[in-house]
Amino acid sequence: MFFTTIKSQTEIDMNDFKSRLAAAMADKNIKAAELSRRTGISKPRLSQYKNGVYIPKADAICAMARVLGVSEGYLLGTTDSPEPEVHFANARFKALPILGEIACGTPVFANEEDDGLVYTDADTDADFCLIAKGDSMKDARINNGDTVFIKKTDSVNNGEIAAVIINDEATLKRVYFYPESSKLMLIPENSSYEPIVFTGADLEKIRIIGRAVAFKSDIR
């Protein structure tokens, strides 16, 4: 899998972005009309990008970077190197939103404001990402700071790792549900932590928001 992280739009310096876009266009001698034609971005919208009025979304950034032969990070100001990132031949990618942090230990509030975007290959069956906090899932190789890819669902099979909301707080755990005894167990992957058990009326406090399908770890 190929992953890269994109800054959120609120973090991008608009003046820096428009100057880098202009520099890349001048270096490749590509006029606005040609860039519009080759990317499929309308001329009025491209004019907004060039003038720093509007920051493009991930798909537009990728399209412009590809045509201009620079990296997405260069246009966004995350790197000063214009060299394009290495892509696998015929690979297809998609961008997923990062929706805050999720606890792998003590549950923390799940922020549902878009925090940025992460690229993954188009075959990753996920709807959004969460950033793991803590070490309670370390034996499942999910460590503090890892990006966890989540498929939206309100139910999972026993033994699957799920993102679970508990009284407006979120945690990542293996889920086991026993309907005959109305018992739900959230099991950590770290022997230093105890299972979290809910029974009876307490089950109303629980809401599964998705199943963990993949994760990205940095080399440590």
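## Basis of the model

The model is predicted; local features need pLDDT of at least 70, side-chain atom pairs count only at pLDDT 80 or more, and totals for chains, interfaces and linings use all residues. Residues are numbered from 1 along each chain as its sequence is written, and side-chain values use heavy atoms, with hydrogens and water left out.

Strand β9 covers residues 183–187. Helices (H or I, at least four residues) and strands (E, at least two) are DSSP runs, numbered from the N terminus. Four of the five β9 residues are buried, so the strand is largely enclosed by the rest of the structure. Buried means under 20% relative accessible area, exposed over 50%, and partly exposed in between (1.4 Å probe, protein chains only).

Two strands pair if DSSP finds at least two bridges between them. β8 (residues 169–178) runs antiparallel to β9, with five bridges joining them. Tyr178 has Lys183 of β9 as its bridge partner. β9 also pairs with β10 (residues 196–199), again antiparallel, over four bridges. Here Leu184 is bridged to Phe198 of β10.

## The β8–β9 hairpin

Four residues lie between the strands of this hairpin. Ser182 sits in that loop. Its phi is positive, about 50 degrees, although Ser182 is not a glycine. Ser182 counts as partly exposed, because its relative accessibility is 32%.

## Asn29

Asn29 is in the loop between α1 (14–27) and α2 (32–39). Its phi is positive too, near 55 degrees, and Asn29 is a residue other than glycine. With 58% relative accessibility, Asn29 counts as exposed.
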